[in-house]
Amino acid sequence: MASFDRLADWVALVDLLYPERDAADWDATGLQVGDPSDSVSRVLVCLDATDATLDEAARQGCELVLTHHPLLFRPLAALTPRTAAGRVALHAARQGISVLAAHTNLDAAADGTTAPIVEALGMVDARPLVPQGGRAPRPVKLVTFVPAADTTAVLAALSAAGAGVIGEYDQCSFRVAGTGTFRPSEVANPTAGERGRLNEEAEDRLEVVVPPHRLEAVVDALVGAHPYEEVAYDLYPLLAPPAGAHGPGLGRVGDLREPTALRALVDRLATALPAPFLRVAGDLDRRIRRVAACGGAGDSLIDAAVAAGAELYVTGDLRHHPVLDALTMGLAVIDAGHAATEAAALPALRATLAQAASVNGLSATLVASSLPTEPWVAHTPPEAPATEGLR
């Protein structure tokens, strides 16, 4: 008997690997067509959801199309065939095929759409060109002071409210012993010490991290569990850590193992990427060491590439004036095409999803689309016939 997953499980799996919080604010990602309660036994992985890829999904028995480019990028006023997106969405719905998009959230991942360029060029120590740090709310450090005998109980209450979680560990804290001083007024109701005089108490300084969405609950838990009438505590917002090589962010920048002529780098990309043609601007004999890259359409990151000290920038969909600006700033550029730079990442995406699905108990089969959606073709005009006597 065939085994089926729920569509909701696949939506959750993709979000686990490529969180929607890492997507650009303007983007449209996630489930775009389908009912989360639907069953899924086969998933087609593709670059674009088109009529052709939907027909391919139907032939392959796939109930879900996982596409990189969103089908519904802009809101539709009506679901009719009058627009291209409406036509394809209707096609999907009529065939009972769901559409799930992982767009800039996939672009931002270390193993995302820029990874094939990094690998093809042999870039080392590649890091995000535009780090994603700061997009997600940052945690807070809570520091409080507790009588030593009550520290364990207070920590338990804070942990139950959601504090002290670091990765796969909970009840994480730091404490150090010290001495607290206080002088209660005549109307105070101190847990320890005497009114009207300076008192000293052996206390622990207790520190825990708190996710921002649990801050109110954690503070309430602290006040409820702490033995003092007035609870002293500090809240410190934490800075985002450096993105690092594996942190999310658009594009990548890194160095080649040794300076290499630009023409050799063009040849590497022509071999490694499914591009019908490459465009290059710059001195082909120039030796390049530092490279920036961004899969897809990346001319908006030219300034970031210059600021990162790159000598070459590789992306797709480059326009005339941004290329002239890049050359003026000493930056050579290679336009490897929008589709080619992203399609090269799909085999790794399928492999990553297959492994994660197995670990998470999902059984649907992942199928790679065999239909290219690159709209451009290279055209070479025929050689002109030789004309004798031409002067």
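On the surface, V223, Y233 and L235 make up a nonpolar patch, and together they have about 240 Å² of accessible area. Keep in mind that this is a predicted model.

**Surface patch**

**Nonpolar cores**
- The largest nonpolar core holds 24 residues, and the ones touching the most other members are W10, L13, V40, V43, L64, L349 and L353.
- Two or more residues of this core come from each of these elements: α1 (7-17), β4 (42-46), β5 (64-67) and α12 (346-359).
- The top contributor is α12, which gives 5 residues to this core.
- Take L64 as a closer look: setting aside neighbours within four places in sequence, L64 is in contact with L7, W10, V40, R42, V43, L44, S98, V99 and L100.
- There's also a second, separate core of 20 residues, with L256, L265, I288 and A293 among them.

**Positive phi outside glycine**
- D125 isn't a glycine, yet its phi is positive, at about 55°.
- You'll find D125 in strand β7, residues 124-131.
- D125 counts as exposed because its relative accessibility is 54%, and the cut-off for that label is over 50%.
- Q171 is another non-glycine residue with a positive phi, near 55°.
- Q171 belongs to a loop, the one between α6 (151-160) and β9 (174-182).
- With 48% relative accessibility, Q171 counts as partly exposed, because exposed would take over 50%.

- T151 is part of helix α6.
- Is T151 buried or exposed? T151 is buried, because its relative accessible area is 0% and buried means under 20%.
- Not counting residues up to four places away in sequence, T151 touches V146, R175, D204 and L206.

Key: Residues numbered from 1 in each chain as written. Predicted model: local features only at pLDDT ≥ 70, side-chain atom pairs only at ≥ 80, totals over all residues. Heavy atoms only, no water. Patch = residues over 30% accessible without salt bridge, like charges linked within 9 Å, V, L, I, M, F, W, Y side chains within 5 Å. Areas by Shrake-Rupley, 256 points an atom, 1.4 Å probe, with all protein chains shown as cover. Salt bridge = Lys/Arg side-chain N within 4 Å of Asp/Glu carboxyl O. Core = buried A, V, L, I, M, F, W, Y, C linked by side-chain atoms within 4.5 Å. Buried < 20%, exposed > 50% of the residue type's maximum accessible area, 1.4 Å probe, protein only. Helix = DSSP H or I, 4+ residues; strand = E, 2+ residues; numbered from the N terminus. Contact = heavy atoms within 4.5 Å.
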